[in-house]
Every structure is written in structure tokens, then in C-alpha cells.
Amino acid sequence: MSESVKAKKKSPAAESTSAEGTTGEGKLQQAKSEAALPALGFKGMLRWSWTQLTSMRTALFLLLLLAVGAVPGSLFPQRPANPSVVTQYIKDNPSYGELLDALQLYDVYSSAWFSAIYILLFISLIGCVTPRAIAHYKAMKSQPPRTPKRLSRLPEYGTLALPADAGIPASKAINDAAGLLKKRGYRVEVRDVDGDLPSLGAERGFLKEVGNLVFHTSLIGVLVSVAIGGLYGYSGQRILVEGDTFVNTLVGYDQFTPGTNFQSSSLQPYSMQLDKFEAKFDRESPGKAGQPIDYTAEVTTKETPDAPGKKETLKVNDPVSLGGTSLYLTGNGYAPLVTVRDGEGNIAFQGPVTAKVQGDNYYSSVVIKVPDAKPEQLGFVGFFLPTAFVTEDKISFSGAPELINPQLSLNSFYGDLGLDKGVPQNVFELDVKDLKQLNGRDLAAGGITLSPGATVSLPEGKGSITFDGVKKYIGVDIHHNPGQLYALIFGFLAVAGLVMSLYINRRRVWVRTGTHADGRTMVEYGLLARGEDHRLAGEAAALREIFAREWNVPETPDTATTTAGSSSTSKDQ
Amino acid sequence: MPVINETLGQYSELFMLLAAGTYTVAFIAFAWDLAKSSKMLRAVDQKAAASTADHKVTVAAGRVAAGLGGADAGGPAGRAERPTSGLTVEGGTAAGDMKYAGERRAPARVAVALTVLGVLIHGAGVVTRAFGAGRVPWGNMYEFLTTGAFVAVAVFLIVLIRRDLRFLGTFVIGLAIIMLVAASAAFWTPVGHLVPALQSYWLIIHVSIAVLSSALFTLTFAMSVLQLLQSHRQKSLAAGRKDNLGFMRLVPNALSLENLSYRINAIAFIGWTFTLMFGAIWAEKAWGRFWGWDPKEVWTFVIWVVYAGYLHARATRGWTGTRAAWLSIVGYACVIINFTLVNTVFNGLHSYSGL
């Protein structure tokens, strides 16, 4: 990137001072203006900033700044990934939690400062790529540069002497060389073919710069694709208990994150029913017992409400594609089936309760809210254990992930659950502040402990609760990202460009021929690389070989090539 | 689900132990070679210093002009050879082309032989682990480290076929020993099944490229450290100070080290780009989004950016040489952080891949 930029980098300061000098003002004035900061003017300032921004040095600085700027996102919890953890983190660190928030360190990747870095970097990139693309287009259309006077100054140089009796005059030799180089993929121009010293200039490897430009342009493409995904995509989550059906409408989601330009009409009303979920756990490796080894969800999908159902399997790493979206298996757990009867003996709640996994072996928390219970609303808080064990200290834990000894342990409450006020509540939490406790370990009535099939009556005739059985549930993520295919395409284009720019070599070759006083035809050639090219010496040797073969020149040590070293870079000159 | 073979797993651990032992002996041999050969080179240099003039004459004698004099200097008619220029004899460093020279270095030969033996045993350890688990041997941090160390040493030996990089031996083998010890001591995991999230063919593609790139970064890290030492030494020698780093005599000059590590880093960078892209494709399959700024993704991105900066630094005035070497070292430090801290300390989606 540096070459073209540096070439243009004529200091604007120097320009403006020389301009002042020509206006005919006094010498003193001129000296003053040279000593003080030169006045650039608005335009000059803009040009100066642009030159600075598009300079290689700035681009490199911004690039490294981008790396440094990305790091805090891994040190502090991030809102987009985990908003509740961020809230907790601020609570736990009152001294600096708020300060970090003010610095946008919980939203690093959408923060003003991180955006500033990458936007500047991409502007710098565009400012770098555009002039280079124009320059390269011109270079591709123009002829190879004129033959240097002293080829021997080039990093690779060699000569051949064709005997006088071979009958190859200088003009034929140069045409032969031109043919050979063309075959090798060089663009060739022959000069002065009938003169004393005919020569040719040849160049190849224009694709190197093309690759470079493709790489950098593709990065812009990736960024744009990501932006498209953010604008028009959407994602959401849904928990499905066995037997439940998800319908792709806004009310079908437990949680929904629309893109900036999302419209609800773009949701196709497909459906997916969870028929069965099975989790397998490791039972053979010591030390890894209970580790999950397989999750399989059997689902029935319908493209439209009237379409026939289709049996599909949903697994981790194997999403289901439906109606332009993809559905992913991201979590699972147990959902105990519960029946709650109120104080009047009516069924106030019946169905599965999603137990939120909290610890090892599906140790899960359970919250049941029964607003329909009469005369008093009922609430239950506790935990579910698929394989219940109790220690000597009366601490329950789950000994295995499978349903070997399922148990539901609950405390019960009654009173106003606060659901009628219209304030949204977390279904996984019960605020017991305004409730009266009925059951609990510390109360006379004790806690509720239920095995499947068991029923416990609540004290004070408030009703009863029955543990009917256990179903499984899965967490499904639904994603639609219209930008991701383009991101993939641009990603591969970027790699292709990168490989081209790193492994195609831009080389120039010049050949000059002449007739020696003794009648021999003398050939000299020189090679020059643009940029890094450690194989230039190899190319020189290969050229020498094809020249020698063409003209039947025996290789003698006298005419052996000399090189400055095995690797040559443009820096050497 | 393949059956876990614990006996093979135990054999694997035994092989790893034996490999680490063999490497340790190879390491000592490499260190001995550095010390001994440097001493020898110093003696040769001192002798050569006396006859530098003769040497130049010999070089000139080897260049017999084929043409006769009197021709135009700008044309080919009278010249067959370039003027003797650019052929400078560097004092106190090994040949820049890193080709094998004629001299025999017994300790280096012993060291390479031991390394070959070590890598065979190590390879047996990796293969038995793979068969023991019935899958690719890079499903957790223990396996990533042991396999990564194997690939690093294997790549080093492959490069040795073409180039005399034996001066790197102490560093590469030293790092391999550290990796094996860390694997056995800190990250040991019994042979077992993969969790569902890792059961994907992308594990084979994504992680194998990551291991290979990391192995290449390991090589260039060692070379960049040597480059810094050597450039410091060259500067202090040029200033006429005493040579405090005598063992660096065996090491090529800083520029040659920089050029070769650039070439290796270029390959590794392409590998890392693939690691990042295939990781993104896999993330889309497993988690529904191709990029989510998970700590592992953040650090993979940071590494990519740092090495991109390194490649650009080579084309920026004032950033070549020492600064580029530092970038390469910082990049490798990020690779280490990405592997250790990110998997163990930071809370992210890759946390399970460890323990």
C-alpha cells in the first residue's frame, strides 16, 4: 500500500509556503510564514487529513487499535450476549460498574469508540484501494517500462554469448526471447529491433495487485453483509415442551429481536411441533460419567398452516431450515407436569412447568404461578431433581442427569401475585415480598416434597398440588440473516485475493542483444521484482535455461549467472 | 458412538511421557550444538579475519569475464558478468540462505536424530489417543496441546529437509516440551466422548487448520525472538562492543530471519483466515449466528488483526525489522492467551472445550 501513497505524499505545507513565496510579498513575511505553522486553509486541512488518514502508517495504527479495542469485549460481560449478567456485574461492582457502563464497555462492539475505529479504518482502506485500483488499471493497459541502461544493476542479471557460426543475429535473438517470454505469461514489448542494440521489456504478475485489491474490497463486502444482516434479519427464542408447536408469528416467540428494518409481515407462518426429545449421557468413561453425548429432537414441520406435516430431526450442529429461517437446538431440560387445585377444589392450573437448569445433572429451579386460584392466588418456588439424593445434612442434590428418582421440592405462598397490574414479570422468578408463606422447611407445615403421582394438600385449606409426571423441553433459537450468504461469499473472495496477492509475483524482465566485434551475438538480461519475491533467482535460472535451450548455448562456467543472494526484494535497490 | 478404549488411552499417555523424555535429551543436544558450534565458528572467524583480503581475491578470480573490453557499458556486447558488488561477507552470523553447509556438527546430528525418534513416539501417542477415543485427537485442551506440539515438531522437521534451521532446535523443542508438560500437568483429561456441540465434521476441518497455523506461528515466534537478539547483537558488534551472545554465531543474520519468518507467517496467516472463516461457518451451524463476539471469537479476531498488521508492517517504512518482529511476538502471545486464558478464565461458548 505504501508505494503509491508515499509517492503522492507531497507535503501540503511545502506547497502552501511556496505559493506564498510567489505572491511577491517581502522576504521577512516569507521567513515568518516558514517559521510559524503554515496556514493550510480549510481545503488544505481537509487534504492534509485525507493524506494522513489514507497513509499506510495510519492504516496500520488503526488496525492495531482495532485489535486492542476488541479485547475489552472479552474481559467484561456484554449486553448483546448476556444482559442479565451485565446487570448483576454492575450490582456486584458498585465502585466502577457504572463507570464502565458510561465508557460503553458492556456494549463494546456497538460502542461509539469501537465504531469510530473501524469506520475510520474502512475509510482509510477505501482511500487506499481506490487510487491503487485506478493506478493498477492504467498499469495493466500500459507497456512495460523502458529498458534500463545498465541491466547489470538489477538484482538478477545474466548473459549469454551465441557463437558467430550459429547464425542468430541480434534481431532474431530478441524476437526469440520475446516469444519465449510470451509463452511464459509475460507481456512483452520489443524495442529498436533493427537497431544496434535491440531490447525488450516484459512484465507479468498483474494479478498480484488484483488479488490485493480483491482482498481489501471483499473486507468491505463482509462489513456490508453484516450490516444487511443487522438491518433485515431477526432472531428469537422459544421453549418447546414435548407435544408443543411453535408457529412462526410474533406471539409464537418467547423472546424476539428484530433487525432495524424488520417488518412482521416477513414472518412466514410455518410451524414446528416437538414430538420427542432424547438426551444420551456418557455411562462408560470414568470421570466423565453423566457428560452428554447426544441430543436428538424429533419434530414435525409444516411450511404453511395447510401443508402436510414432515418428520425431521433437529440436533445440535444440525439445524432445520424452514421458511427462510433456520431453527437451532440450543438447550434442553425437564418440565414437570403439575396439577394445582385451589381452595374451592377446582383445577386452577394443569400442565408442564419449564424447570430452568441451574446446576450439575439438571438441578433445576421451578416457579409456578397460579393466578386463577380462588379465593387466594397461589405461588410455588422450589427445585426439580431428576435423580434426587439427600446428604446427611439434608441437602438435596441431583446425582444423575437421567430421570431415575425425579423429585419436586417446593415452598408455597398465597396472596396477590401482582400479575393483574400489567407490569411485565419474569416467569422464572416469583416475588414473595407481598405473599404469605404456607409451606417451607422452617415452617410447621414443612416443605412440599413430591414424587411422580403424589399429591400434597396445602395448609389452611388453600388447595393441593399434584406431581403428574415429567416431560422434556428444548430451547430453540430461530434465526433469519439475509446477509450471511454474502458474508460467506465475500469471505472466500477475500481468501482468494489474499492467496493471489501473497503468491503471485510481479516481475519485470529486460533483455538486450547486440553483436560483438568478433561476430558473436551477445545477450544480456535482467530481472526485477516489485515487492517481496524470494523466487526471483529461481525465475532467472529458469529463463536462462529456456534461453540456452532455444539457442543451443552450452552452459559454461564462464557465462554462469551471478546473483546478489537467493532472495531479492525491492528493498535491495 | 464409538467405544472408548481405555487401554489405548493409557498407552497414549505412556507414549507422550516417552516423547517428552526423548525431546528433553534432544533439547540438551541442541543446546550443546549452539554452544559448541558457536565456539568453533568463532575460531574459524578469527582465522578468516587474517586472510580476508585473500578471500576477496578468490571471489574475484571466480568471475572471469567472457567478453572482451572496449564495448559500450550500456550494452551487452562487451559484458558477460555483472560487476562484483552486493557480495558482502557478514561477520559473526551464519549464512543467510540457511542452506546446509559442508561442515559436520555432531551434536546437531544427534539432536535431529533424537527429535525424529521423539516425533515418532509422539505420533504414536497421538494416533493411539485417536483410536482410543474413536475420533480426531483434538476434542479438548489436553488433546489440542499434545497434537499441537506434535505438529509443531513435525513441521520443524519437514522444514529441516530443505533448510538448515537446526539453530531453532532449542526453541522449538523447548516449546514442545513445555506444551507436553502443560498438557499432562494442567489439562490432563481421560480419553472420552465429545459433547454434542463438538460432534461435527467442522471439528476436523476448523481445529486441524487452527493447530497447523498455531504450529507455524510457534516457529515464527522462535525466529522473531532470535531476530531481536541477533539484531541487538549485530548493532552492538557494529558499535565495537564485546560479543555477549556468542551462541548467536550459529544463527543467521536478522534480515534473513525476518525474511523467512515473513514467508512462514504468510502461510500461517492464510491458515488463520481459514480457521476464522470455518469457525464462523461452524458457529452458524451450531449456535445460529456466524459471529457473536464470544471471547474465543474476539481473540481469534485479535490474532488475525495483529498478524494482518504484521504483514502490512513489512510494507511500511519504519515498521520493518524490529517492530515487525515485535508484532509477530505479540501475535503469538495472543495465540497463547486465546488458548489458555480464554478457555479457562473467560466465560464463553468455548469454555467446554477445555476441562
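Residues are numbered from 1 along each chain as its sequence is written, and chains are lettered from A in the order in which they are written. Because the model is predicted, local features need pLDDT of at least 70 and side-chain atom pairs count only at pLDDT 80 or more, while totals for chains, interfaces and linings use all residues.

Chain A has 13 helices and 25 strands, whereas chain B has 10 helices and zero strands. Helices (H or I, at least four residues) and strands (E, at least two) are DSSP runs, numbered from the N terminus. Buried residues account for 36% of the 573 residues in chain A and for 49% of the 355 residues of chain B. A residue is termed buried if 20 or more other C-beta atoms lie within 10 Å of its own, exposed if 12 or fewer, and partly exposed in between, with C-beta atoms placed from the backbone. Contacts are pairs of residues whose C-beta atoms, placed from the backbone, lie within 7 Å. Of the contacts in chain A with a separation of 6 or more, 64% join residues 24 or more positions apart. In chain B, 80% of the contacts between residues at least 6 apart in sequence join residues at least 24 apart.

The largest nonpolar core has 169 residues. Such a core is a set of buried Ala, Val, Leu, Ile, Met, Phe, Trp, Tyr and Cys residues joined through C-beta atoms within 7 Å. The members that touch the most others are B:A152, B:V172, B:A176, B:L180, B:V302 and B:V306. Helix α7(B) supplies the largest share of this core, 15 residues. A second, separate core of 31 residues includes A:A170, A:A178, A:L181 and A:V523.

Leaving aside residues up to four places away in sequence, B:V306 touches A:A67, B:L327, B:V330, B:G331 and B:C334. Buried residues of α9(B) include B:L327, B:G331, B:C334 and B:V335. The buried residues of this helix pack against α6 (201-238), α7 (254-287), α8 (295-313) and α10 (341-344) of chain B.

In chain A, helices α9 (residues 112-141) and α11 (residues 206-232) pack at an angle of about 150°, with their axes 10 Å apart. This makes α9(A) roughly antiparallel to α11(A), a term for angles over 145 degrees. Axes are lines fitted to C-alpha atoms over the stretch in contact, and angles run from 0 to 180 degrees between N-to-C directions. Residues in the contact include A:F122, A:L125 and A:I126 of α9(A) and A:F206, A:L213 and A:I220 of α11(A).

Most residues other than glycine have a negative phi, and most peptide bonds are trans. The peptide bond from A:K374 to A:P375 is cis, with omega near 5°; A:P375 is in the loop between β14 (364-370) and β15 (378-385) of chain A. A:D192, which is not a glycine, has a positive phi of about 55°. A:D192 is found in the loop between β2 (187-191) and β3 (199-204) of chain A and counts as partly exposed, with 14 C-beta neighbours inside 10 Å. A:Y362, also not a glycine, has a positive phi of about 60°. The loop between β13 (356-357) and β14 of chain A holds A:Y362, which counts as buried because A:Y362 has 23 C-beta neighbours inside 10 Å.

Key: Two residues are in contact if their C-beta atoms, placed from the backbone, lie within 7 Å. Angles under 35 degrees count as roughly parallel, over 145 as roughly antiparallel, 65 to 115 as roughly perpendicular and the rest as oblique.
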